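This report goes through one structure for a reader who has not seen it before.

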Amino acid sequence: MLLGWWGDIGSLRTILPGLASMKFNTALCFVLAGLALSFQQPSGASSVAGVGGWRRASLVGCGAIIAAMGLVNLAEHAFSWDLRIDQLFFRVAGTEALVAFPGRMSPATAFNFFLGGTALCLLGVRRGGRVIPWLALTVGLVAFLAVIGYLYGVHSLYAIQPFSSMAAHTAVLFLLVAAGLYLLCPDQTLLEMLLSGRPAGVLARHLLPTSLIMPVVFGWLRLKGQEAGWYDLSFGVALLTLSSVTIFLVLVVGCMRMIERADIERRKAEQINRQFAAIVASTDDTIISKTLDGVITSWNFGAEKMFGYSASEAVGHRIPLLIPEDRRDEEPMIIEKIRRGERVSHYETVRQRKDGSLVDVSVTISPIRNSAGKVVGASKIAREITDRKMAEGKLKASLKEIGDLKAALDEHAIVAITNPQGRITYVNDKFCAISKYGREELLGQDHRIINSSHHSKAFIRDLWSTITRGRVWHGEIKNKAKDGSFYWVDTTIVPFLDDTGKPRQYVAIRADITERKRAEETVRELNAELEQRVAERTAQLADANRELEAFSYSVSHDLRAPLRSVDGFSQAVMEDFGSQLPEEGQRYLRIIRLGAQKMGALVDDLLAFSRLGRQALSKHPVDMNRLVRATLEELGSPWPDRLVELRLNDLPPGRADPVLLKQVWTNLLSNALKYTRNRSPAVVEIGHKTEKGAMVYYVRDNGAGFDMRYADKLFGVFQRLHRMEDYEGTGVGLAIVQRVIHRHGGRVWAEAAPEQGAAFYFTIENQS
Amino acid sequence: MNELNAVELLLVEDNPQDLELTLRALRKSNFANRIHVARDGAEALDFLFGEGAHAGQGAGQVSKVVLLDLKLPKIDGLEVLRRMKEDPRTKSIPVVMLTSSREQRDVIESYKLGVNSYIVKPVDFESFMSAVHELGMYWLLLNQPSKGER
């Protein structure tokens, strides 16, 4: 067009002859607008987010020039000025100069340029986001009006003043500029709505062509029909009205159907939505949605439960509310990922409840996109894993404990694990050490590798049948090490069963008892030796006993016979020849007889004493009171002219051989009576006392007593502390007492002083 | 039954001194009639069963009592007692053990074998005298022996 002006080529200035031509300035403005628009990206982020400043400058610059041009032209039209800007670049010559201002653009064009330029400026300075679409719309409508004017051949529609009309191609270009302007608007919601698959967009897309084209077409037909004289004005109006009504009816029905369909779909979707909402609301999992700025937009029941905030408390607040101080840096990272459209899966972290307590959570965060696919927020599904963490903690603790136990076990015991086929699957260091095999030599082998052949087949069979039945086997096993030496192990084999009750593996825990076994062997040998020795000794003792028996038998039989002879024949001499013997001879014979009788008493006592050692004890409960009374009765009254005071205290019962114990009482009581011979009254006290937990019986008298210096001789055989002339006796009685008491496991002792009496004490049980 | 050989008392004693003292004691108590003395167990059994030196004399010639020492040459007193008590011919003859042994073993064994009395010879001759006197009194004078099995 510019070329057309420069080259004065009319055909290039106007499309159809006779119609308005595009003016040079108009074309220039279009070029500028085209340049400004083409520098910009049609829409979207980049134009907004920091593109080069020159682009904005170009917008502002071009916009300013165009707006100024428009304003100047308008001013010229309005105030009939002639600033001659029309001729600024090119002078109009020829026929064109017939009009008042041949190079001047029409007011509508100028108006449009003013609005469009303003819009471009606003775009450039990023202001008036709301105004620009209206500016663009106005520009478009003015241009559309011009187009309709051309279509209907109505001059007034494109020419406000004669000779200053908007050219047809100018109008078309304005439409384009309007579209371009609109596309550059930051707010693309209308367009988005129109292009979207949503019912509104669909409906608009359906209605737009009809509502744009049909009125124009019908209007044109009606106009042309009337012009052709087919009908008059009123009929045309009626026809137009009818057709408009019809179109609108069709459109209304179409809309109705479409909205109905959309509504059904929407309701379906709502139904589904409600289900999802119900799921979201009812789940224990926390489901939160938030904007990319971190503002919470939804908050379900699970979230309430987990964090303690109600939905009303949470929605609208920012996510960091839930993040403990030390984790605040996580959120930007997450948001950045989400912004990139990535998803954060099962991210384990810690969040903070309303009450300040912390909760272990596993979060999955996914981006939420709008219908255009743009990330507008994030959905966050969180699950509390405190329990799991705790379980993990416990598991870790129990694993640690098991580890510790195993370490302790390995420190103490020989451990091996065997599979159900009997193959070794695990051995610890101690096992290797004692068996002297390397681990790799043992693994995969069965226990025959350390079999010592010591145990019977039945033993091994019993072992296996026990553990294959799932029972614990315990026993001592002799094994053979690699070097052929043997060792003993105390073994416990614990079978571990699988779900079906079949052994899964056997764990054998052994302790080295070789030393103990060796010691036991030694003890056994020693015992055997000891038993042998005891048997020998016993045999020797039995021999000695037999000899002693034979000896005492002959003593009792043969020793007494000569004594009897001595005595008997002495008596015979006295009887038969007593008259012939002088008194002195008779006295000698009496001495001989006394000697023989004394000898007889000694032999009898000695035999009784030796019998005590051989006689078996037969212990029974003994009523001491009865025993003492019986003894006293037997002793009779060898003290017819004596005054004797018997103090008989109640005695507790004991456990003893009654025959032998009676001998003890007999000897002690007869002694007491004997040695109190010169006392009047003689006092003999029989009683008991408890000493160091033992029952002590005693016989105390007020008789001759004895010197305690000789107390050690008291109980010796044939030991006497008194002269024969004073107190007769063989010196065996107390020896017998001691022997009986010792055989009962008791103790006997005396306390005395010369002429102060004596006391004899005895016990009949071990002092325990 | 040969009345000549019928004795009231059989004294079995190997020790000559004891024998003499015993006889003296019996004599003193006037029990010296019809006493036969055997010096060992074998001789005693021969006399009792009419064997050996006493062959042909028949058995069981003792009417009142047998005084038996325990320790005897050849066959001891317990064996003599056992055989007497086993044999129906001599079973009912009273047997008194007159012995030096006061061993409990001997006493028990004697009574088990069926002895009628057990007397330990005292060393003291006076006690011995009185013991012999008492046993003579009882067995020779007071006791009525069974005659059914003769």
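## Terms and basis

In what follows, Ala, Val, Leu, Ile, Met, Phe, Trp, Tyr, Cys and Pro count as nonpolar, Asp, Glu, Lys and Arg as charged, and the others, Gly among them, as polar. This is a predicted model, in which local features need pLDDT of at least 70 and side-chain atom pairs count only at pLDDT 80 or more, while totals for chains, interfaces and linings use all residues; side-chain values use heavy atoms, with hydrogens and water left out. Residues are numbered from 1 along each chain as its sequence is written, and chains are lettered from A and ligands numbered from 1 in the order in which they are written.

## The largest pocket

Rolling a probe the size of a water molecule over the atoms shows where empty space is left. A pocket here is an open set of points, on a 1 Å grid over the protein atoms alone, where a 1.4 Å probe fits, with protein on both sides within 12 Å along at least five of seven lines; lining residues have an atom within 4 Å of a point. Grid points are joined across faces, edges and corners, and a volume is the space filled by probe spheres set on the points. The largest pocket holds about 1,200 Å³ of space. Its lining has 49 residues, and those nearest the centre are A:Asp605, A:Gln663, A:Asn667, A:Gly733 and A:Ile736. By class, 20 lining residues are nonpolar, 15 polar and 14 charged.

Helices (H or I, at least four residues) and strands (E, at least two) are DSSP runs, numbered from the N terminus. Both chains take part in this lining: at least two residues come from each of α22 (583–614), α24, β15, α25 (733–743) and β17 (758–762) of chain A, and from α4 (104–112) of chain B. The largest share, 10 residues, is that of α24(A).

## The second largest pocket

The second largest pocket has a volume of about 960 Å³. Of the 29 residues that line this pocket, A:Leu137, A:Tyr182, A:Leu194, A:Leu208 and A:Leu212 lie nearest its centre. The lining is made up of 23 nonpolar, 4 polar and 2 charged residues.

In chain A, α8 (131–152), α10 (168–184), α11 (189–195) and α12 (199–227) each supply at least two lining residues, and α8(A) gives the most, with 9. Domain 1 (2–187) and domain 2 (188–278) of chain A each contribute at least three residues to the lining; the domain bounds come from an automatic or database domain assignment.

## Aromatic rings

Rings of Phe, Tyr and Trp (its six-membered ring) pair if their centres lie within 6.5 Å; planes under 30 degrees apart count as stacked, over 60 as edge-to-face and the rest as tilted. Over all chains, the whole structure has 14 aromatic pairs. One of them joins A:Trp665 and A:Tyr697, whose ring centres are 6.3 Å apart and whose planes stand at 80 degrees, so this pair is edge-to-face. A:Trp665 belongs to helix α24 (residues 658–675) and A:Tyr697 to strand β15 (residues 694–701), both of chain A, so the pair ties together parts that are 32 residues apart in sequence. Both residues are buried, where buried means under 20% relative accessible area, exposed over 50% and partly exposed in between (1.4 Å probe, protein chains only).

In chain B, the rings of B:Tyr138 and B:Trp139 have centres 4.7 Å apart and planes at 90 degrees, so they too form an edge-to-face pair. B:Tyr138 is partly exposed at 40% relative accessible area, while B:Trp139, at 10%, is buried. Ring pairs also link A:Trp299, A:Phe307 and A:Tyr309 into a cluster.

## Backbone details

Most residues other than glycine have a negative phi, and most peptide bonds are trans. The bond from A:Ser680 to A:Pro681 is cis, with omega near 0 degrees, and A:Pro681 is in the loop between α24 and β14 (682–691) of chain A.

A:Lys692 has a positive phi, near 50 degrees. This residue lies in the loop between β14 and β15 of chain A and is exposed, at 75% relative accessibility. A:Glu755 has a phi near 60 degrees, also positive, and is in the loop between β16 (748–752) and β17 of chain A.
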